[in-house]
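User: I am new to this structure. Please pick one part, look at it closely, and walk me through it step by step.

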Amino acid sequence: MSIKLGDSSGIKDGRYLAVGVCHNCKDWHSGSIDFESTTQPMFYAVGPDELHLNSDAPNAGLRRHDYWGHFTMDLQAARGDPARFPPQNLTTVNTTAAGNEQNDHEYTSSLHAVAMAGTFVLLFPVGTFYKHIMGSVRWHWITQAFGLVVVLIGAGLGLGISPYYNRSKHYNSAHQLVGLVVVLLVLLQASLGSVHHRIFKAKGQPTIMGVIHRFLGLVLICVGVINGVLGFNLASASHHNIGYATVVVIVVLVLFGLAFFMMRRRRRQEAFNTPAAQNFQSAYNAPSRGNDIPLQPSYGPPPAYQRPMGA
């Protein structure tokens with residue numbers, strides 16, 4: 001089977017028109033076509049309109065269509081002189097619509113993006129904030145455990161939708177490979193944190209697993225955020241990277257701003273609670289006694305110095 005693209009193909013009225021001739025197309029591995037049929041089943045698919053296809057590569061990725069439908073064609077009436085193909089004016093003739101037009105849209109890839117980006121951009125950083133800035137181990141593990149569940153769901157959605165597209169059905173793209181490694185390391189990360197917490201709670205001593213847990217978590221957050229960019233590129237939606245990067249920057253600025261404010265407030269509170277500060281506060285608030293020398297006397301300035309007599 002081979003398809004030859006006609007010279008009249010190109011962009012017309014903002015749409016790409018492909019006019020081609022298919023050779024040896026009577027039979028193929030998954031079907032056939034009857035050139036003698038007057039009601040040969042056909043189908044069509046249209047959209048999406050928002051596709052940003054900035055490539056002229058023959059193997060450029062395409063998005064899923066918005067809607068599709070069936071029709072039948074009279075192939076006996078479609079015969080003609082190959083030298084006169086294609087005609088100058090293209091019209092729809094000898095076809096009959098079959099059934100209603102169907103809307104077509106899959107939400108799995110969108111849910112996958114929301115789950116994974118939401119976890120690595122928001123949930124995991126917030127969980128880290130709870131532990132290292134607010135000092136709350138309880139909210140740290142609650143947030144990270146919830147994020148782990150969301151990551152597993154998002155990974156399942158990604159694996160499930162991959163076979164539907166040529167660009168992802170072989171599971172060999174950078175986004176997929178990096179994503180699988182990150183998910184496995186997230187599971188390892190959770191295990192290290194759980195074991196470290198049990199040992200620390202029992203013995204009160206830090207462990208090497210706790211050190212690995214801390215630094216591996218930061219690395220996974222960064223790699224997960226970067227992999228989101230690769231994901232949008234794989235989905236032929238690289239135009240979303242600008243909005244994605246904007247959200248990442250906003251989250252980083254907010255968390256770092258809160259961390260700076262809380263750490264500064266904590267240092268002031270710690271300085272206020274030192275023994276010297278407490279002694280000063282006790283002395284300042286203590287009731288005055290009659291024989292105390294006031295620090296700020298209520299009388300006026302001392303009298304001027306008088307020269308001694310006879311001097």
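Analyst: Helices here are DSSP runs of H or I with at least four residues, numbered from the N terminus. The model is a predicted one.

Phenylalanine 120 and phenylalanine 124 lie in helix α1, four residues apart. An α-helix has 3.6 residues a turn, so residues three or four places apart point the same way. About one helical turn therefore separates phenylalanine 120 from phenylalanine 124.

How do the rings meet? A pair of aromatic rings is described by the distance of the centres and the angle of the planes. Rings pair if their centres lie within 6.5 Å, and planes over 60 degrees apart count as edge-to-face. By this rule there are four aromatic pairs. For phenylalanine 120 and phenylalanine 124, the ring centres are 5.4 Å apart and the planes stand at 90°, so this pair is edge-to-face. Are these residues buried or exposed? Phenylalanine 120 is buried, and phenylalanine 124 is buried too.

Helix α1 covers residues 108-132, and helix α2 covers residues 137-161. Their axes come within 8 Å and cross at roughly 160°. Angles over 145 degrees count as roughly antiparallel. So α1 is roughly antiparallel to α2. The crossing of α1 past α2 is left-handed. What does the contact of α1 with α2 hold, by class? It has 16 nonpolar residues, 11 polar ones and one charged.

A second pair of helices follows. Helix α3, residues 174-203, packs with α4 at an angle of about 160°. The axes of α3 and α4 are 9 Å apart. That angle makes α3 roughly antiparallel to α4. Their crossing is left-handed. The contact of α3 with α4 divides into 15 nonpolar residues, 11 polar and no charged.

Does the length of α4 agree with its residue count, or disagree? Helix α4 has 27 residues, 208-234. At 1.5 Å a residue, α4 should span 39 Å. The end C-alpha atoms of α4 are 37 Å apart, which agrees. After α4 comes serine 236, with a positive phi near 55°.

One last stop lies in a strand. Asparagine 100 sits in strand β9, residues 95-103. Its relative accessible area is 64%, so asparagine 100 is exposed. Tryptophan 68 is 32 residues from asparagine 100 along the chain, and their C-alpha atoms are separated by 9.1 Å.

How values were computed. Residues numbered from 1 in each chain as written. Predicted model: local features only at pLDDT ≥ 70, side-chain atom pairs only at ≥ 80, totals over all residues. Heavy atoms only, no water. Helix = DSSP H or I, 4+ residues; strand = E, 2+ residues; numbered from the N terminus. Expected span 1.5 Å × (residues − 1). Axes fitted to C-alpha atoms, helices over the stretch in contact; angles between N-to-C directions. Parallel < 35°, antiparallel > 145°, perpendicular 65-115°, else oblique. Left-handed = near helix turned anticlockwise from the far one by under 90°. Nonpolar A, V, L, I, M, F, W, Y, C, P; charged D, E, K, R; others polar. Phe/Tyr/Trp six-rings, centres within 6.5 Å; stacked < 30°, edge-to-face > 60°. Buried < 20%, exposed > 50% of the residue type's maximum accessible area, 1.4 Å probe, protein only.
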